[in-house]
Amino acid sequence: QGLPVESGGALVQPGDSLKLSCKVSQSIFRLYAIAWYRQRPGTQREFLARITPDSNTKYVDFVNGRFAISRDNPKNTAILQINTVEPEDTAVYYCNYEARDHDSGPLGPWGQGTQVTVSS
């Protein structure tokens, strides 16, 4: 199935917005939920949000409405929009696929991720 390909990370200032992309194979995109995770320096990777093939979404509580996950179906891509970025959002952001009907956790291999650095 190949590895997910994350992109869109950048050096941004506090308060900026950022859009991250996760491209996976067509078969994965159609059959599984796609989830975003991040790993901040010195911490374990943590779940952020997921979206099912029929666009049901779930978020971790601490994103406080600043994150929005969506699907670009023709491109087999899941998007993570991050608004009003904070220094604490500095991390490597990863995506993976999960079972579509329950919180299975990540099921596939990890890609390289995309680096987000928030600094003034």
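**Chat: a cavity, a core and some loops**

Q: What classes of residue line the largest cavity?
A: Its lining has seven nonpolar residues, four polar ones and no charged ones. Asp, Glu, Lys and Arg count as charged; Ala, Val, Leu, Ile, Met, Phe, Trp, Tyr, Cys and Pro as nonpolar; the others, Gly among them, as polar. A cavity is a set of points on a 1 Å grid over the protein atoms alone where a 1.4 Å probe fits but cannot get out, and lining residues have an atom within 4 Å of a point.

Q: What kind of model is this, and how are residues numbered?
A: It is a predicted model, where local features need pLDDT of at least 70, side-chain atom pairs count only at pLDDT 80 or more, and totals for chains, interfaces and linings use all residues. Numbering starts from 1 along each chain as its sequence is written, and side-chain values use heavy atoms, leaving out hydrogens and water.

Q: Back to cavities. How many are there of 30 Å³ or more?
A: The count comes to one cavity of 30 Å³ or more.

Q: How much space lies in the largest cavity?
A: About 80 Å³. The volume is the space filled by probe spheres set on the points, which are joined across faces, edges and corners.

Q: New topic. How many residues has the largest nonpolar core?
A: The largest core has 25 residues. Leu 20, Ile 34, Trp 36, Leu 80 and Tyr 93 have the most contacts inside it. Such a core is a set of buried Ala, Val, Leu, Ile, Met, Phe, Trp, Tyr and Cys residues joined through side-chain atoms within 4.5 Å. Buried means under 20% relative accessible area, exposed over 50%, partly exposed in between (1.4 Å probe, protein chains only).

Q: Which elements each supply at least two residues of this core?
A: They are β3 (18-23), α1 (26-31), β4 (33-39), β5 (46-51), β7 (67-72), β8 (77-82), β9 (91-98) and β10 (114-118). Helices (H or I, at least four residues) and strands (E, at least two) are DSSP runs, numbered from the N terminus.

Q: Which one gives the most?
A: β9, with four residues.

Q: Where is Asp 89 found?
A: Asp 89 sits in the loop between β8 and β9. Asp 89 counts as buried because its relative accessibility is 1%.

Q: What joins the side chains of Asp 89 and Arg 66?
A: A polar contact of 2.8 Å. That is a pair of N or O atoms within 3.5 Å; within protein, one must be able to donate a hydrogen and the other to accept it, and residues adjacent in sequence count only if both atoms are side-chain atoms.

Q: Which residues does Asp 89 touch, not counting those up to four places away in sequence?
A: Arg 38, Arg 66, Phe 67, Ile 82, Thr 84, Val 116 and Val 118. Contact means heavy atoms within 4.5 Å.

Q: Is Thr 90 buried or exposed?
A: Thr 90 is buried, at 18% relative accessibility. Thr 90 is in the loop between β8 and β9.

Q: What does the side chain of Thr 90 reach?
A: The backbone nitrogen of Val 118, at 2.9 Å. A polar atom of the Thr 90 side chain also lies 3.0 Å from the backbone oxygen of Pro 87.

Q: And where is Ala 91?
A: In strand β9. Ala 91 is buried, at 1% relative accessibility. Its contacts, leaving aside neighbours within four places in sequence, are Arg 38, Gln 39, Arg 40, Thr 114, Gln 115 and Val 116.

Q: What is phi of Thr 84?
A: Near 50°, a positive value in a residue other than glycine. Most residues other than glycine have a negative phi. Thr 84 lies in the loop between β8 and β9, and is partly exposed at 45% relative accessibility.

Q: What about phi of Asn 76?
A: Asn 76 also has a positive phi, near 50°. Asn 76 lies in the loop between β7 and β8. Asn 76 is buried, with a relative accessible area of 13%.

Q: Last one. How far apart are Gly 9 and Gly 113?
A: They are 104 residues apart in sequence and 8.7 Å apart in space, C-alpha to C-alpha. Gly 9 is in the loop between β1 (5-7) and β2 (11-12).

Definitions and conventions:
1 Å grid on protein atoms, 1.4 Å probe; cavity = no way out; pocket = protein on both sides within 12 Å on 5 of 7 lines; lining within 4 Å.
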